[in-house]
Amino acid sequence: MKKLIAGNWKMNASLAGNETLVNELRAGIGAPACDVAICVPSPYFQQVQGLLAGQDTIVMGSQNVSSHESGAYTGDVSATMLKEFGIRYAIVGHSERRLHQAESDTHVAIKAERALEAGITPIVCVGETLREREEGMTEFIVKRQLAAVIHLVGHCISEIVVAYEPVWAIGTGKTATPEQAQEVHGVLRTQLRAATEHADKIRLLYGGSMNAGNAAALLAQPDIDGGLIGGASLKAADFLAIIAAAQ
Ligand SMILES: O=C[C@H](O)COP(=O)(O)O
């Protein structure tokens, strides 16, 4: 299947920096073999939508979506609002939000459902902490996190993207080995096969210190269908090198 390389800028952006980065990406991207998305902070949706105008090679995603549809939810941004700015993907359940905003598996699943209802593809993040890995809990944790989404969205599960992001590998420079990542991706694929006959079409991304040097080996694994890239998505040359590795 066509791989997906998605950049997650996290809380790193500025009007001037975005313009430079997007223009450099546009100039260097050519005709990639994979799909490409950049998930930007919401205040910059309109700016980045304008910077991406006139091409459809790079699409825009959000880093979150409200679990509510509309109304008195101060600070929330709804899926229908995202849609108005051309958002195609919404990251849900990133470990940084599970940790800092105490998002539960159920909360994450509702967010995935809201995105799907609006025609936005949720990128559902799952992953274990270092302690959970050391305690042999990895499989239990990722399956529990994904099960909540499968349970809520039912047959629409075939429309999601899953990102396996071991928490201990995020922003640390400690990448999971291709074998470690594949092992967990295999577990997730098996779980999805039990839920839908379309499991082999669901893209399973790896995220966690993926960079220009390790991307090719990770992306060569049979169940790694792309990457969710943090730090390396902030420099055009690095992000473009990962995109080039996704053949
Ligand atoms: O969403 C992206 C992941 O958290 C990975 O971040 P990183 O590439 O900086 O480790």
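This is a predicted model: local features need pLDDT of at least 70, side-chain atom pairs count only at pLDDT 80 or more; totals for chains, interfaces and linings use all residues.
Me: How many residues surround the ligand, and which are the closest?

Reply: The ligand is surrounded by 14 residues, and the closest are Asn8, Ile170, Gly207, Gly230 and Gly231.

Me: And what is that shell made of by class?

Reply: By class, the shell around the ligand holds five nonpolar, eight polar and one charged residues.

Me: Where does UniProt put the "binding site" feature?

Reply: The UniProt record, which is an unreviewed entry, places "binding site" at Asn8, Trp9, Lys10, Gly171, Ser209, Gly230 and Gly231. Although these positions span 224 residues in sequence, no two of their C-alpha atoms are more than 13.7 Å apart, so they gather at one spot.

Me: Take glycine 230, then: is it buried or exposed?

Reply: Glycine 230 is buried, because 23 other C-beta atoms lie within 10 Å, and the cut-off for buried is 20 or more. Glycine 230 sits in the loop between strand S8 (226–229) and helix H10 (236–245), and, leaving aside neighbours within four places in sequence, is in contact with Asn8, Lys10, Ile170 and Gly171.

Me: What about glycine 231, buried or partly exposed?

Reply: Glycine 231 is partly exposed, with 18 other C-beta atoms within 10 Å, and is likewise found in the loop between S8 and H10.

Me: Lysine 10 came up as well; what is its phi, and where does the residue sit?

Reply: Lysine 10 has a positive phi, near 55°, in a residue other than glycine, and its place is in the loop between strand S1 (4–8) and helix H1 (15–28). With 19 other C-beta atoms within 10 Å, lysine 10 is partly exposed.

Me: Switching to alanine 102, what is its phi?

Reply: The phi of alanine 102 is near 50°, which is again a positive value in a residue other than glycine. Alanine 102 lies in the loop between helix H4 (95–100) and helix H5 (105–117), and is exposed, with 8 other C-beta atoms within 10 Å.

Me: Now helix H7: how many residues has it, and what does its buried side pack against?

Reply: Helix H7 (residues 138–153) has 16 residues and reaches 23 Å from its first C-alpha to its last, close to the 22 Å expected at 1.5 Å a residue. Its buried residues, among them Ile141, Val142, Gln145, Leu146 and Val149, pack against H5, strand S5 (121–126), helix H6 (130–134), strand S6 (161–164) and helix H8 (178–195).

Me: Why would residues three or four places apart point the same way?

Reply: An α-helix has 3.6 residues a turn, so residues at that spacing point the same way.

Me: And what follows H7?

Reply: H7 is followed by glycine 154, whose phi is positive, near 60°.

Conventions: Residues are numbered from 1 along each chain as its sequence is written. A residue is near a molecule or strand if its C-beta atom, placed from the backbone, lies within 6 Å of it. Ala, Val, Leu, Ile, Met, Phe, Trp, Tyr, Cys and Pro count as nonpolar, Asp, Glu, Lys and Arg as charged, and the others, Gly among them, as polar. Helices (H or I, at least four residues) and strands (E, at least two) are DSSP runs, numbered from the N terminus. A residue is buried if 20 or more other C-beta atoms lie within 10 Å of its own, exposed if 12 or fewer, and partly exposed in between; C-beta atoms are placed from the backbone. UniProt positions are given in the numbering used here, feature names are shortened, and annotations may be inferred rather than shown by experiment. Two residues are in contact if their C-beta atoms, placed from the backbone, lie within 7 Å. The expected span of a helix is 1.5 Å times one less than its number of residues.
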